[in-house]
Amino acid sequence: MPPVMPLAILCQTASFIKSASKVDQCPEDIGLEVAFAGRSNAGKSSALNTLTHARLARTSKTPGRTQLINFFALDEHRRLVDLPGYGYAKVPLELKEHWKQHLDAYLTGRQSLAGVVLVMDIRHPLSPFDCMMLDWANTAGLPVHILLSKADKLSFGAAKGELLKVQNRVRREFGNRATVQLFSSPKRMGVEEAHGVLQQWLFPEESAEEPAPQE
Ligand SMILES: Nc1nc2c(ncn2[C@@H]2O[C@H](COP(=O)(O)OP(=O)(O)OP(=O)(O)O)[C@@H](O)[C@H]2O)c(=O)[nH]1
Ligand SMILES: [Mg+2]
């Protein structure tokens, strides 16, 4: 059997599969996928691009850019998903309701969802939406990995301080399923750490601990 490609290598050849504006347009619900969620403008699409070394996902200075659920293939069985941002005030109510419905349907119904990468601007972490997502994932038993994005906007010390604060609050309020790290797309900070998490979620068998030797 050929050796399995490590996730970081697969990321380099990631490719766009399709956009879905409704849950029934999503690719077949088989294999494993990791979704990037977070408030509008938090840096989800940028993080996805940084982690895949590609210009896969559209980024924008205008919040509310990603209005569809975008699917990217790592290989035949593994996908990354760019979700539309939550909470952008200027989006018409009707469209907001449409997203909310389909995002909720995606999150609750998707069998292949192995984990959620929750992207938060380090300067505005743990918004009500972020907390809702953490609560929901906790109840659903789904792991969440938080990227505190735009860490380059703070000094290293301030960023570390914010990391500790968020880590403590998340541990206290949402159990130990959620993990947190610093991230910056322009500085490529935190790429290896994030790859490590994706590797665990998308290659669960290889990531499982070695069984203890038999007596
Ligand atoms: N300085 C800095 N800017 C960033 C970083 N990540 C994203 N940005 C900027 O923030 C803006 C929004 O980034 P996107 O990646 O499009 O954000 P998004 O979460 O996908 O936004 P929506 O699709 O609207 O939900 C863009 O102007 C990015 O260049 C980061 O780590 N550091
Ligand atoms: Mg986006």
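This briefing describes the fold, the sheet, the nonpolar core and selected helices of one protein. The structure is a predicted model. The protein comprises seven helices and seven strands, and 36% of its 215 residues are buried.

**Overall fold**

- Read from the N terminus, the elements follow the order α-β-β-α-β-β-α-β-α-β-α-β-α-α.
- Of the contacts in the protein with a separation of 6 or more, 72% are between residues 24 or more positions apart.

**The sheet**

- Seven strands form an open sheet with mixed pairing, in the order β1-β3-β4-β2-β5-β6-β7.
- Strands β1 (15-20) and β7 are the edge strands, each of them pairing on one side only.
- On average, and with direction ignored, neighbouring strands of this sheet are turned by 25° against each other.
- The pairing between β2 (residues 32-38) and β5 is parallel and extends over six bridges.
- Within β5, Val117 is the bridge partner of Phe36.

**The nonpolar core**

- In soluble globular proteins, nonpolar side chains tend to be buried together.
- The largest nonpolar core here has 47 residues, of which Val34, Phe36, Leu118, Ile146 and Leu148 touch the most other members.
- Strand β5 (residues 113-121) is the greatest contributor to this core, with seven residues.
- Beyond its neighbours within four places in sequence, Phe36 contacts Lys44, Ala47, Leu48, Val81, Asp82, Leu83, Val117 and Val119.

**Helices lying across the sheet**

- Helix α4 lies across β2, β5, β6 and β7, and runs at about 160° to β5.
- Helix α6 (residues 191-202) lies across β2, β4 (78-82), β5, β6 and β7, and its direction is at about 135° to β2.

**Helix α5**

- Helix α5 (residues 156-174) contains 19 residues and spans 26 Å from its first C-alpha to its last, close to the expected 27 Å.
- Its buried residues are Ala159, Val166 and Val170.
- Viewed down the axis of α5, these buried residues fall within an arc of 35°, so they line one face of the helix.
- Among the elements covering the buried residues of α5 are α4 (128-140), β6 (144-149) and β7 (178-182).
- On the face of α5 turned away from its buried side are the exposed residues Gly157, Gly161, Leu164, Asn168 and Arg172.

Definitions and conventions
Residues are numbered from 1 along each chain as its sequence is written. Chains are lettered from A and ligands numbered from 1 in the order in which they are written. This is a predicted model: local features need pLDDT of at least 70, side-chain atom pairs count only at pLDDT 80 or more; totals for chains, interfaces and linings use all residues. A nonpolar core is a set of buried Ala, Val, Leu, Ile, Met, Phe, Trp, Tyr and Cys residues joined through C-beta atoms within 7 Å. A residue is buried if 20 or more other C-beta atoms lie within 10 Å of its own, exposed if 12 or fewer, and partly exposed in between; C-beta atoms are placed from the backbone. Helices (H or I, at least four residues) and strands (E, at least two) are DSSP runs, numbered from the N terminus. Two residues are in contact if their C-beta atoms, placed from the backbone, lie within 7 Å. The expected span of a helix is 1.5 Å times one less than its number of residues. The arc is that of the directions from the helix axis to the C-beta atoms. Two strands pair if DSSP finds at least two bridges between them. Axes are lines fitted to C-alpha atoms, for helices over the stretch in contact, and angles run from 0 to 180 degrees between N-to-C directions.
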